[in-house]
Amino acid sequence: MKDFAGLGHLFVVSFLFYFSSFMVIPAITDVTMEAVCPGRDECSAAIYLSGFQNAVTGLGALVVTPVVGNLSDRYGRKALLTLPVTVAILPLLILACNRSDLYFYVYYVANIVAGIFCGANMHCLCHAYVADHVGPRRRAAAFGLLSGVSAAGFVSGTLTARFLATSSTFQVAAAVAMVAALYLRVFLPDSGGVSCSDEACDPLLQASSCTSSTSSSASSSDSDEHLSPRLPPQKGGLPSPSDMFALLTSSLALSGAATITFFYSLGEHGLQTALMYYLKAQFGYSKDEFANLLLIVGAAGMLSQLIVMPILAPILGEEILLIVGLLGGCTHVFLYGIAWSYWVPYFSAAFVILSAFVHPSIRTNVSKNVASNEQGIAQGCISGISSFGSILGPLIFTPLTAWFLSETEPFNFKGFSILCAGFCTLIAFIVSMRIRGAQSSACKKSTVQHEQA
């Protein structure tokens with residue numbers, strides 16, 4: 001743990017941020033249903049409202065996140081981290097004051113705006129901050145710890161919500177969000193886009209797909225070759241779409257990470273769009289059942305990222321962990337879709353122990369394949385692609401979910417939209433296997449050519 005001592009304040013900020021953000025999730029479905037369709041268990045209007053919010057938020061984040069990441073490379077992480085942590089306070093304050101219909105719709109608009117600047121940006125900037133302070137050999141474990149701390153915030157927030165009245169939930173969440181913003185400004189040390197160059201914080205990166213595909217063995221060395229920046233300096237200070245495209249297509253590892261991120265995020269956001277309303281319609285879930293389910297998800301993710309991943313990452317490498325995580329993610333989503341009893345979703349949630357490997361593994365691959373002064377923009381591009389998945393997810397799965405939960409469904413299969421989301425995660429798994437095979441072939445070819453020379 002001494003390798004990650006410089007990240008302590010970031011972990012505190014991350015924990016508080018996600019604690020306040022996730023505390024309100026078990027209650028928000030009931031609040032939305034009460035405002036839009038009072039007294040009903042099924043409501044297409046509420047599903048469409050949530051889907052529209054996710055789509056607009058994803059579209060905004062798609063544009064904003066790479067820009068914010070690039071600005072953090074230039075002006076430091078702390079200044080840009082202040083943006084999502086501060087903006088997140090406003091929606092919580094609104095429902096902390098009142099939950100009438102008027103306040104709900106004001107919250108709805110404020111939450112869309114906040115979502116554009118919060119979730120994806122917080123994710124991107126925290127990963128860039130970690131990459132600034134941790135060398136490549138320990139970076140997968142560090143990303144896992146960051147995700148584990150976030151999951152701990154998720155679990156703590158969900159558990160707290162389980163014992164609070166709905167009104168108190170939003171008040172406590174708003175107060176914790178304010179503490180997170182204050183803590184960040186007072187205690188978090190600043191970090192620029194350029195990593196330190198000493199042995200304890202060496203920036204960089206593996207030079208070929210061959211070394212990338214055998215990262216577990218390469219990680220035994222803490223002294224790597226420094227990559228040159230993949231992008232020329234931006235004259236206007238901001239990256240153009242062509243710059244971002246050039247960055248993501250500059251290597252098989254980056255293009256593969258982008259493709260996997262898109263399909264996995266599409267499946268994830270499809271699941272998120274449908275799950276709460278599906279469980280409410282199929283099994284009559286309410287606030288307490290949602291809290292119990294989210295608690296299992298968060299606990300499994302926390303266990304995986306704080307304990308399992310730091311142990312396995314140096315042994316297996318992030319590529320194998322990614323494949324295992326994607327397989328677990330497929331199983332996780334498919335079991336939700338075919339759930340035949342109220343307890344099956346709880347069993348399905350346990351597979352988060354494996355699926356929690358996915359995002360830290362992708363982020364590690366990305367960070368190892370860009371230069372130290374491109375960590376922000378690279379992580380921002382990946383977050384932007386994830387946001388693109390969050391745009392398409394609601395657009396595709398909201399009408400599909402509403403259709404199969406309505407009285408005019410074509411056939412009786414309420415989990416059909418979730419099953420379709422599972423096929424998106426399956427595509428991500430197939431892509432990861434193909435990329436792994438391509439990297440292995442390239443490595444063997446390089447070895448043969450080296451021996452012949």
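These legends go with a set of close-up views of one predicted model.

A couple of ground rules apply throughout. Residue numbers start at 1 in each chain as its sequence is written, and side-chain values use heavy atoms, with hydrogens and water left out. Because this is a predicted model, local features need pLDDT of at least 70 and side-chain atom pairs count only at pLDDT 80 or more, while totals for chains, interfaces and linings use all residues.

**View 1. The whole chain, for orientation.** The chain has 20 helices and zero strands, taken as DSSP runs numbered from the N terminus (helices are H or I, at least four residues; strands are E, at least two). Of its 453 residues, 56% are buried, meaning under 20% relative accessible area, with exposed over 50% and partly exposed in between (1.4 Å probe, protein chains only). Take the contacts (heavy atoms within 4.5 Å) with a separation of 6 or more: 82% of them join residues 24 or more positions apart. The average pLDDT (the predictor's confidence in each residue, from 0 to 100) is 79, and 87% of the residues score at least 70. Over residues 193-225 the pLDDT is below 50, yet this stretch has 92 contacts in the model beyond near neighbours in sequence.

**View 2. The largest pocket.** Its space comes to about 270 Å³. The search runs on a 1 Å grid over the protein atoms alone: a pocket is an open set of points with protein on both sides within 12 Å along at least five of seven lines, a cavity is a set where a 1.4 Å probe fits but cannot get out, and lining residues have an atom within 4 Å of a point. Grid points are joined across faces, edges and corners, and the volume is the space filled by probe spheres set on the points. The lining of this pocket has 13 residues, and Pro241, Met244, Phe245, Leu248 and Ile385 are the closest to the centre. Helices α3 (44-75), α12 (241-248), α13 (252-283) and α19 (375-404) each supply at least two lining residues, with α12 giving the most, four. By class there are nine nonpolar, four polar and no charged residues; Ala, Val, Leu, Ile, Met, Phe, Trp, Tyr, Cys and Pro count as nonpolar, Asp, Glu, Lys and Arg as charged, and the others, Gly among them, as polar.

**View 3. The second largest cavity.** The largest share, five residues, comes from α13. Eight of the lining residues are nonpolar, five polar and two charged.

**View 4. Helix α9.** Residues 166-187 reach 32 Å from first C-alpha to last, close to the 32 Å expected (1.5 Å times one less than the number of residues). Its buried residues include Phe170, Val176, Tyr183 and Leu184. They pack against α1 (8-23), α2 (25-36), α4 (77-87), α5 (89-97) and α8 (136-162).

**View 5. Helix α6 and Tyr103.** Among the buried residues of α6 are Phe104, Tyr107, Tyr108 and Ile112, with cover that includes α2, α3, α4, α5 and α7 (119-133). Tyrosine 103, also in α6, counts as partly exposed because its relative accessibility is 35%. Not counting residues up to four places away in sequence, tyrosine 103 touches Ile94, Leu95, Cys97 and Asn98.
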